[in-house]
Amino acid sequence: MKDTRRTRAVLGVLLVVALAMITVDYRGGESSPLRGLRGAGAAIFGPVERVSAAVVRPVGNTFDAITDAPGERRRADRLERENQRLREQLRSRGLDQDRAGQLDRLLGTAGIGGYKIVAAQVISAGQGFEDTVTLDVGSRSGVRPDMTVMSADGLVGRVTRVGPATATVLLATDVTSSVGSRLEDSREIGIVQGRGRRGFGGGGTTPMRFQMLNANAPMRVGQRLVTLGSQGERPYVPGVPVGVIERIDRPVGGLTRTAYVRPFTRFTTLDVVAVVVAPPKADPRDSVLPPRPVTPTPTPSPTGTATRSPGPDDSPSGRPGRRGRSPSPGPGTPSAARDGTPSPAAEPLGARSTPCRECQISGG
């Protein structure tokens, strides 16, 4: 079609007519005079529109997905990082609460014993033949070799090597560890020795043993041990709880007695510990030991008499009864003597060595 003056005039007229029809239809609403024409147009062009939309929509969605993919990927990565950060915050909050509880108990134990401590955390465990752990404190925190290390429950070990920010601790369970110890409520002393990792066999209950210097001194299962202390308070300060005796070996021709000790500290779950940087001014002796659990004791009856359970011959009222009625005693029966003399059955067993003549006569 050529672009002539006539063509442009026709196109302009059609545009004016279309605008006029749209205006009239819009202003008329439901009562528009062009309502029928609108319905006819919808009936004719509606299927064509649906078919074209069904064809064009997947292409448009694919194009939108391609253009929006980088932004959606960045949004997904951002949400994943935020979720990871929130999970780490929850986990660290739980760990912080647990460590705060351990530190509070540790400060209470150190305060009872009068120890000056530096709190530390176990950051690694030794992989060699020695039972060792590494702490996150060192010489910058005042830690020196041959210092006592304890937990809130009891003895952990001693410092062997120190760096600027870390320290290595030899655990009391190591085979080379020897700790001078004293029995609770007595002055009997001995040596607690570690048994190494093999001592954790059978549930890890007795990884240490205690050898008394006096084979005749009293010792019992359940008795507890504390550290005796070293010369110059190095490497062990006095009064730190060690463990409780679980088994005692009887000496056979030996000069010492051996007992197996369950330590108060759980060496397989060490976390928050303390390095004793200054010893107490006085030996705390048994004051740092935890209180013994209270066991209930049976209370005696108020009357102090034993209660007899009812027998088959007892009456419902609790008094001894009889099964049936026994015949009345005859005049010849000894138990019914008229003169009030006791019957033979009422006399103690063996009171008479010869049988009673009246009983023989009456058939008794």
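A salt bridge here is a side-chain nitrogen of Lys or Arg within 4 Å of a carboxyl oxygen of Asp or Glu, and a search of the whole structure finds 7 of them. This is a predicted model, in which local features need pLDDT of at least 70, side-chain atom pairs count only at pLDDT 80 or more, and totals for chains, interfaces and linings use all residues. Residues are numbered from 1 along each chain as its sequence is written, and side-chain values use heavy atoms, with hydrogens and water left out.

Helices (H or I, at least four residues) and strands (E, at least two) are DSSP runs, numbered from the N terminus. Buried means under 20% relative accessible area, exposed means over 50%, and partly exposed is in between (1.4 Å probe, protein chains only).

**Salt bridges**

- Arg105 and Asp153 form a salt bridge whose closest N and O atoms are 2.5 Å apart. Because Asp153 sits in the loop between strand E3 (148–150) and strand E4 (155–162), while Arg105 belongs to helix H2 (residues 35–113), this pair ties together parts that are 48 residues apart in sequence.
- Asp153 is partly exposed, with a relative accessible area of 32%, and Arg105 is also partly exposed, at 43%.
- Glu184 and Arg224 meet through their side chains in another salt bridge, at 2.7 Å from N to O. Glu184 lies in the loop between strand E6 (178–183) and strand E7 (189–194) and Arg224 in strand E9 (residues 224–227), so parts that are 40 residues apart in sequence are tied together by this pair.
- Both Glu184 and Arg224 are buried.
- Arg247 and Asp249 make a salt bridge too, at 3.2 Å from N to O. Arg247 counts as partly exposed at 43% relative accessibility, and Asp249 counts as partly exposed at 29%.

**The barrel**

- Six strands form a closed barrel in the order E6-E7-E8-E11-E10-E9, with antiparallel pairing (two strands pair if DSSP finds at least two bridges between them).
- Neighbouring strands of this sheet are turned by 40° against each other on average, direction ignored. For such angles, axes are lines fitted to C-alpha atoms, for helices over the stretch in contact, and angles run from 0 to 180 degrees between N-to-C directions.
- E9 and E10 run antiparallel and are joined by 3 bridges. The bridge partner of Leu225 in E10 is Gly243.

**The nonpolar core**

- The largest nonpolar core has 47 residues, and Tyr115, Leu135 and Phe210 have the most contacts inside it. Strand E12 (residues 272–278) supplies the largest share of this core, 5 residues.
- Such a core is a set of buried Ala, Val, Leu, Ile, Met, Phe, Trp, Tyr and Cys residues joined through side-chain atoms within 4.5 Å.
- Leaving aside neighbours within four places in sequence, Leu135 is in contact with residues including Val122, Ile123, Val149, Val273 and Val275 (contact means heavy atoms within 4.5 Å).

**Backbone points to look at**

- The peptide bond from Arg234 to Pro235 is cis, with omega near 5°. Pro235 lies in the loop between E9 and strand E10 (241–249).
- Glu233, in the loop between E9 and E10, has a positive phi of about 60° although it is not a glycine. Glu233 is partly exposed, with a relative accessible area of 29%.
- Arg285 has a positive phi of about 50° and is not a glycine either. You will find Arg285 in the loop between E12 and helix H3 (357–362), where Arg285 counts as partly exposed at 34% relative accessibility.
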